[in-house]
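Please keep the sequence and the model open while reading.

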Amino acid sequence: MDFQLTADQRALRDGTRELLTGRFDRDRLRAAVDDPALDRALWRELADAGFFALRLPEADGGVGLGLPEAVLVFEEAGRALLPGPLVAGHLLAGAVDGVATGERIVALCDGSAEPVLCEHPADCDLLIFLEGSAPEHVGRARQSAPAEVAHAPYASVDPLTPLARVTDSAHGTPCDGLDVPRLRREAALLTAAQQLGSAARTVEMAVGHARQRTQFGAPIGSFQAVKHLCAGMLVRAELARAAVYAAAVTGDALDVAGAKLLADEAAVHNARDCLQVHGGMGFTWEADVHLHLKRAWLRAAAWGGAQDATERWADALVD
Amino acid sequence: MDLTFTEEEEAFRARLRTWLADVLPKLPPKPAATDWPGRRRHDAAWQRMLYDAGYAGLHWPVDAGGRGATPTQHLIFLEETEKAGAPYVGANFVGLLHAGPTIAAEGTAAQRARWLPPILRGDEIWCQGFSEPDAGSDLAALRTRAVRDGDAYVVTGSKIWTSHAEVADWCELLVRTDPEAPRHRGISWLAMPMDAPGVTVRPLRTLAGSTEFAEVFLDEVRVPVGHRIGAEHDGWRVTMVTLSFERGTAFVGEVVACRRVLAELARTARANGRWDDAVLRRRLGRLNVEFAALWRLTQWNVSEAQRTGGVPGTGGSVFKLRYSHARQELYDAAAEVLGGQALDAAHPWVADRLSALSYTIAAGTSQIQRNIVAERILGLPKGR
């Protein structure tokens, strides 16, 4: 047993962080807040870096890596608040032409959700719906061109993620080659990885602010009331990390559901505590804290929530 | 990231399982919780069985009489012994997890030869004399004085929260040898015989009704200078070695045990109809997620220790914060499952619910753990 990152995995994580720091810095992030249309040039750069083809065999032009490596890359995406249907691009890179290279952008919609939401509707070239409801999620996948799908406007709470409410998705073409339960499981895991990245990032933001901000003649991070909030944030992120990484290694559906639950809690509660540590500034549009919180809310609602996870883990106690 | 075990590790696990299946049925029945001499005999006998089978001091270095096992093998040992229902480390806790590793790391060859083998054989039991009535979380405020008189220290003061004091042979004792020095620099670490004249033990009754620990009064107790581990006045540093061991793997077996209790809670809830209450059912499911993740965090921390050469990292504080809270949540959920029976002090889950209350206090309160996490891991400034 060696449940730690290998040297290659650390290099992949560091390289991804460096790439995103360079290509999606704070100016780009704030520009995306003002105009959330996806940057197609950036999307192709992400594809060139192997974001989407990461797990495709090298013979097919992929990078030939596994689920743990994908989790590390998506953790970095969550850290950077990188917008767009990244999970769909990664999961469908081998199934839909042009996705691996970033030429086409595809969205993956949970047809069992209520309402059915589609992210970045104006940017997507293809929509894929997964049918089937919890807990078994056995169902088919259908694909549609965006123009063929009836949808209504939806005022997304997250300024980085435009949404549309799909009102009729029943007329798409069946895509029989897709393993729907596997897509759901891996979408949940990669979403959890993004939540983990966000949770770890908000710890850093809170700590950075607490060291810098002075009140009563001392950095506020020297006060236990603030210190203990920050410590609690790290504990949440680290427990979620252990669960998310383990689920990446086992690939087990139950492990994924538990990891998603802990990562959702860590991302949402850490963003809340980060906001609190930032005080009045945390409540402003200008601070980035709200972007983490809002995205965390969106991700927590996608691909299996707390009720589903706790019921499954309760069942596992008596099986 | 690899969660699979090597062939060697699997072989170790298989040998251990075979041995446990062979010896556990031969073990005498567990004595009553109040029978302290009986509990000492029982724990010592188990330790002797481990010693004879080559499992004593598994994680200790070979030159200290241990087996030099990897942290992963130690994890397997703790997991398998707990799953098989083997006795907990019990009265041997301080010897095997605090005093022994400290002597192994800091003692002279003669000191190691004197004290380590009897710990491994279960012949000698140790207790811990660290906390004092006015030095709890602020351990460095300790005032028990040791004054040099020829080849001995004359020790006067009092210690508190000393587990197994009534049955211990030795006490790992922190004393102030230099009252003038800055407080962290005037402390020494002594091995004190509990039968020395001037040692008085007064058991303390816990809120659970039992006498798990004691106050120890020291009135001019003579401790030979040769019983000092490490340099004079260097006891604080010596002690920190000990405490990091305590926070490393001390709770591994307990996580396994908590997961077993949780499964029993679910079975009981199914039998008494409370399982149909979705709120309670999901609460048990949420606890299942929590303990499964704590097990993964343990594997993460153990793997880290393996890479750094066995030194437990600060991950222990992260683990303890979450685990101590989860254990209390587990027994609060048990009370929900029990319903009216939750007020029956004779029920084992009720007794465990009471003892769980100590977990956020003992071995560093949750508040102190948060300070450690915030200052040592996150780098926040010291303050109040």
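In chain A, strand β3 is covered on both of its faces, with L126(A), I128(A) and L130(A) buried on one side and L127(A) and F129(A) buried on the other. Here a residue is called buried if 20 or more other C-beta atoms lie within 10 Å of its own, exposed if 12 or fewer do, and partly exposed in between, the C-beta atoms being placed from the backbone. In a regular strand the side chains alternate between the two faces of the sheet. Since five of the five residues of β3(A), residues 126–130, are buried, this strand is largely enclosed by the rest of the structure.

The model is a predicted one, in which local features need pLDDT of at least 70 and side-chain atom pairs count only at pLDDT 80 or more, while totals for chains, interfaces and linings use all residues. Residues are numbered from 1 along each chain as its sequence is written, and chains are lettered from A and ligands numbered from 1 in the order in which they are written. Helices (H or I, at least four residues) and strands (E, at least two) are DSSP runs numbered from the N terminus.

**The sheet around β3(A)**

β3(A) belongs to an open sheet of four strands with mixed pairing, in the order β1-β3-β4-β7 of chain A. The edge strands are β1 and β7 (173–174) of chain A, each of which pairs on one side only. Two strands are taken to pair if DSSP finds at least two bridges between them. Strand β1 (residues 106–110) of chain A runs parallel to β3(A) and is joined to it by five bridges, and within this pairing C109(A) stands opposite F129(A). Strand β4 (residues 141–144) of chain A pairs with β3(A) in the antiparallel sense over four bridges; there, A141(A) is the bridge partner of L130(A), and R142(A) stands opposite F129(A).

Q143(A) also lies in strand β4 of chain A, and it is partly exposed, with 18 other C-beta atoms within 10 Å. Leaving aside residues up to four places away in sequence, Q143(A) touches L126(A), L127(A) and I128(A), together with G172(A), T173(A) and C175(A), a contact being a pair of C-beta atoms, placed from the backbone, that lie within 7 Å. By way of orientation, the C-alpha atoms of Q143(A) and M205(A), which are 62 residues apart along the chain, are separated by 40 Å.

**Chain A as a whole**

Chain A contains 10 helices and nine strands, and 51% of its 319 residues count as buried. Its C-alpha atoms fill a box of roughly 65 × 50 × 40 Å along the principal axes. A compact globule of 319 residues would have a radius of gyration near 20 Å, and the 19 Å of chain A agrees with this; the radius is taken over C-alpha atoms, and the globule rule is 2.2 Å times the number of residues to the power 0.38. Of the contacts in chain A with a separation of 6 or more, 65% are between residues 24 or more positions apart.

**Annotated regions and domains**

| Annotation in the record | Residues | Helix and strand | Distance between end C-alpha atoms |
|---|---|---|---|
| Acyl-CoA dehydrogenase/oxidase C-terminal | 189–305 of chain A | 77% helix, 3% strand | 12 Å |
| Acyl-CoA oxidase/dehydrogenase middle | 127–220 of chain B | 0% helix, 51% strand | 19 Å |

For chain B, the domain assignment gives domain 1 (7–88), domain 2 (126–233) and domain 3 (248–378), these bounds coming from an automatic or database domain assignment. The centres of domain 1 and domain 3 of chain B, taken over C-alpha atoms, are separated by 23 Å. Their contact takes 11 residues from domain 1 of chain B and nine residues from domain 3 of chain B.

**Backbone details**

Most residues other than glycine have a negative phi, and most peptide bonds are trans. In chain B, W161(B), although not a glycine, has a positive phi of about 65 degrees; W161(B) is found in strand β3 (residues 152–163) of chain B and counts as buried, with 21 C-beta neighbours inside 10 Å.

Terms used. UniProt positions are given in the numbering used here, feature names are shortened, and annotations may be inferred rather than shown by experiment. Two residues are in contact if their C-beta atoms, placed from the backbone, lie within 7 Å.
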